[in-house]
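I opened the model to look up a few things and note them down in order.

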Amino acid sequence: MTPEFPEDSQPLLRPLGESAPRSRRVFLAAFAAALGPLSFGFVLGYSSPAIPSLRRAAPPAPRLDNDATSWFGAIVTLGAAVGGVLGGWLVDRAGRKLSLLLCTVPFVAGFAIITAAQNVWMLLGGRLLTGLACGVASLVAPVYISEIAYPEVRGLLGSCVQLMVVTGILLAYLAGWVLEWRWLAVLGSVPPTFMLLLMGCMPETPRFLLTQHKHQEAMAAMQFLWGSEQRWEEPPVGAEHQGFRLAQLRRPGVYKPFVIGVSLMVFQQLSGINAVMFYAETIFEEAKFKESSLASVIVGVIQVLFTAVAALVMDRAGRRVLLTLSGVVMVFSTSAFGTYFKLTQDGPSNSSHVHLLAPVSMEPADASVGLAWLAVGSVCLFIAGFALGWGPIPWLLMSEIFPLHVKGVATGVCVLTNWLMAFLVTKEFSSLMEVLRPYGAFWLASAFCIFSVLFTLACVPETKGKTLEQITAHFEGR
């Protein structure tokens, strides 16, 4: 039986020899694309140091009240949801490279508006624009990197997307110590400007060029990226690039990865990670720590370190193992953090002001000091667990599991789901903590983490070491 979409059943990029690509320029191209995730990481981290100074601002500078503060953090996710839809449209029509170049415009424009803001509406407008750019970058960068990488390094390079996100968050935290909110916004425009300059020198992905039947350009791109002296085959004759149709959802090669991709994005956000990162300082203040800004930086450092560890072992350990391990760690850490809030909810003794620079071996003055260290340990363990699996892998799998002819639409839906869930969690996190109490909110997150582990074991396939076409064939049952 002839497949309906032959370009998905045979490798678009198949070496006519035994040696693997060896050029290091693929790493340079991946770095250029990953400057987009670095930029949207900075956008995510910007709110944590900026909100305290904006709440204290005196006229004529704009000042955030409680409601505006909530919107300042959450409106980014609304813009990103729209950006995910726009990115899904752009990635198939303008191409992967041009889509990345275009997303630099709202990044720079948004930070420029924030820098010049004279009122709250300008602040929110700038955040909305940077959110739009985040949505496009969060979709296109993983797709670009997965399509230029050969299987032996695709896990490493794909995980660098999340590594750059958390690096951007940490950069915003560190810069927030020495820069006030306007200069912090100026700094935020540097990574996308650098991406515009560097990405302009990189090629389009060979797979996209082949679907457009641009054989010579694809060969030149492969020579640049992989340095291969071999010839490579084109798609089979008649393998035309076709758009998405609803009828295709009946095919297992479409609906299976579609369900997996959307579910991974939902579980990633229901773990509560964006709430933790958007309101890192606020959460630590709730836990009664004096050095809440230092605590946020510590969290950022842990996230960068463990995301780097995940990137290094991704192509050896595999996606399923790391997702499962990550979920189990998050179950225990969110349960412990909820227990902290449960034990400290009553009585005046819960004002356990712990100085984070004090040595751990100090004898606690009372039981509440020990409980405060339980809180810090729980959050750090959660961040480490998330960074090992549920941080990088949903984005990596999103870029791997979809057939070429539905990749734009399918990844767009995944990104839209992720950012809408991020908006709901971020916007309603404070309300949820009021209704369920903080301990209830974190125990609920623990329950979602349990479901994420079960889902991984039951539904998520292993993709390490496989070509993108082999992954598609797996879902089709071939």
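I call a residue buried when its relative accessible area is under 20%, exposed when it is over 50%, and partly exposed in between, using a 1.4 Å probe and protein chains only. This is a predicted model, in which local features need pLDDT of at least 70 and side-chain atom pairs count only at pLDDT 80 or more, while totals for chains, interfaces and linings use all residues. Residues are numbered from 1 along each chain as its sequence is written, and side-chain values use heavy atoms, with hydrogens and water left out.

**Aromatic pairs**

I searched the whole structure and noted 9 aromatic pairs; rings of Phe, Tyr and Trp (its six-membered ring) pair if their centres lie within 6.5 Å, and planes under 30 degrees apart count as stacked, over 60 as edge-to-face and the rest as tilted. One of them joins F40 and W419, an edge-to-face pair with 5.9 Å centre to centre and 75° between the planes. F40 lies in helix α1 and W419 in helix α18 (residues 407-459), so this pair ties together parts that are 379 residues apart in sequence; helices are DSSP runs of H or I with at least four residues, numbered from the N terminus. I then checked burial: F40 is buried at a relative accessible area of 4%, and W419 also counts as buried, at 1%.

I next looked at F337 and F442, which form an edge-to-face pair at 4.6 Å centre to centre with 85° between the planes. This pair links distant parts of the chain, with F337 in helix α15 (residues 319-343) and F442 in helix α18, 105 residues apart. F337 counts as buried at 3% relative accessibility, and F442 is buried at 8%.

**Helices α1 and α7**

I looked up how helix α1 (residues 25-56) meets helix α7 (residues 181-188), and found that their axes come within 10 Å and cross at roughly 170°; the axes are lines fitted to C-alpha atoms over the stretch in contact, and angles run from 0 to 180 degrees between N-to-C directions. That makes α1 roughly antiparallel to α7, a term used for angles over 145 degrees. Contact means heavy atoms within 4.5 Å, and among the residues of α1 that meet α7 I noted F42, Y46 and P49.

**Residue E147**

Last, I looked up E147, which lies in helix α5 (residues 120-148) and is buried, with a relative accessible area of 0%. Not counting residues up to four places away in sequence, E147 touches R96, T205, P206, R207, F208, L404, K407 and L468.

Note on methods: Helix = DSSP H or I, 4+ residues; strand = E, 2+ residues; numbered from the N terminus. Parallel < 35°, antiparallel > 145°, perpendicular 65-115°, else oblique.
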